[in-house]
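Q: I'd like a close look at how the inside of this protein is put together. Please take me through it at the level of individual residues, and keep the cut-offs handy as you go.

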Amino acid sequence: MCDHKNCQDISQLLEQNRLWADQMVENDPDFFKRLSDQQNPDFLWIGCSDSRVPANQIINLPPGEVFVHRNVANILHHNDMNALSVIQFAVDVLKVKHIMIVGHYGCGGVKAAVTGGDNGIVDYWLNTVRNLYHQHQESLADLSLDEQVNRMCEINVRAQVSNLCQTKILQRAWERNQNVSVHGWCYSLENGLVKDLECTVTTSDEAEAFRLSC
């Protein structure tokens, strides 16, 4: 059994849900009917699990408009069947037109990869980011720790854009001339703004050129 305070916390969430649902129906009586019919988003958001980075709110879109996958430090491992399943469904079934890989400045996962130490099982997950940091460590040496972390957040996003573009899912989509683009963004917790890292990829040729530039 949960203790009294924990039960109150959960009860509060359920009450907030009821109030939210009532408010949505009051504002738009057909909202949930439309939402339950079929999702047809144009966007797939691959972001960090950080609770301060909610996909729909950041780009001001309602439920049903953004397909979302999140994990620590917005990483795409080529053996991550969870992420790959999301991407395959988004590209092959939903036919999304845009995939945004979205990091955020001050990311705790990236900071853990930069500073090292023993962080438990997440260290295995962050190993590729740590390798990226070692590759760029010399160019980052003159920056403060916070500046190194923020720069690595951008480098990590660019690396994940390249990883995504090398998957068979994207390669096959482009082979059949499907209209799907991959974008790299970084979000600021300080002002709520998204920075376009200008690494958009729209074809296999662009993906290869971008891979070579990383």
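**A look inside the fold**

A: Among the contacts in the protein with a separation of 6 or more, 63% join residues 24 or more positions apart; a contact here means heavy atoms within 4.5 Å. Please keep in mind that this is a predicted model, where local features need pLDDT of at least 70 and side-chain atom pairs count only at pLDDT 80 or more, while totals for chains, interfaces and linings use all residues. Residues are numbered from 1 along each chain as its sequence is written, and side-chain values use heavy atoms, with hydrogens and water left out.

The protein has 10 helices and five strands, taken as DSSP runs numbered from the N terminus (helices are H or I with at least four residues, strands are E with at least two). Its C-alpha trace spans about 55 × 50 × 35 Å along the principal axes. Of the 214 residues, 39% are buried; buried means under 20% relative accessible area, exposed means over 50%, and partly exposed lies in between, using a 1.4 Å probe and protein chains only. The protein exposes about 12400 Å², and carbon and sulfur atoms supply 51% of that area, as computed by the Shrake-Rupley method with a 1.4 Å probe, where for residues only the protein chains shown count as cover.

Now to the core itself. A nonpolar core is a set of buried Ala, Val, Leu, Ile, Met, Phe, Trp, Tyr and Cys residues joined through side-chain atoms within 4.5 Å. The largest one holds 49 residues, and Ile-99 and Leu-170 touch the most other members. Helix 8 (residues 145-165) gives this core its largest share, nine residues. If you click on Ile-99 and set aside its neighbours within four places in sequence, you will find it in contact with Leu-44, Ile-46, Val-91, Leu-164, Leu-170, Val-180, Ser-181, Val-182 and His-183. There is also a second, separate core of nine residues, including Trp-45, Val-53, Ile-58 and Val-102.

Val-53 turns up again when you look at His-104. This histidine is found in strand 3 (residues 98-104) and is buried, because its relative accessible area is 1%. Beyond its neighbours within four places in sequence, His-104 is in contact with Cys-48, Asp-50, Arg-52, Val-53, Cys-153, Cys-186, Tyr-187 and Leu-189.

Leu-193 lies in the loop between strand 4 (181-187) and strand 5 (194-196). With a relative accessible area of 55%, Leu-193 is exposed. From Leu-193 to Ile-59 the C-alpha atoms are 9.4 Å apart in space, although 134 residues separate the two in sequence.

Next, the aromatic rings. Rings of Phe, Tyr and Trp (its six-membered ring) pair if their centres lie within 6.5 Å; planes under 30 degrees apart count as stacked, over 60 as edge-to-face and the rest as tilted. That rule gives four aromatic pairs. One of them joins Phe-31 and Phe-32 edge-to-face, with 5.0 Å from centre to centre and 85° between the planes. Phe-31 counts as buried at 9% relative accessibility, whereas Phe-32 counts as partly exposed at 28%. Another pair, Phe-67 with Phe-89, is tilted, at 5.7 Å centre to centre and 40° between the planes. Phe-67 lies in strand 2 (residues 66-71) and Phe-89 in helix 4 (residues 81-93), so this pair ties together parts that are 22 residues apart in sequence. Phe-67 is buried at 17% relative accessible area, and Phe-89 is partly exposed at 31% relative accessibility. Ring pairs also link Trp-20, Phe-31 and Phe-32 into a cluster.

Most residues other than glycine have a negative phi. Asn-60, however, has a positive phi of about 55°; it sits in the loop between helix 3 (55-58) and strand 2 and counts as exposed at 67% relative accessibility. Asn-74 has a positive phi of about 45° and lies in the loop between strand 2 and helix 4, but Asn-74 counts as buried at 2% relative accessibility.
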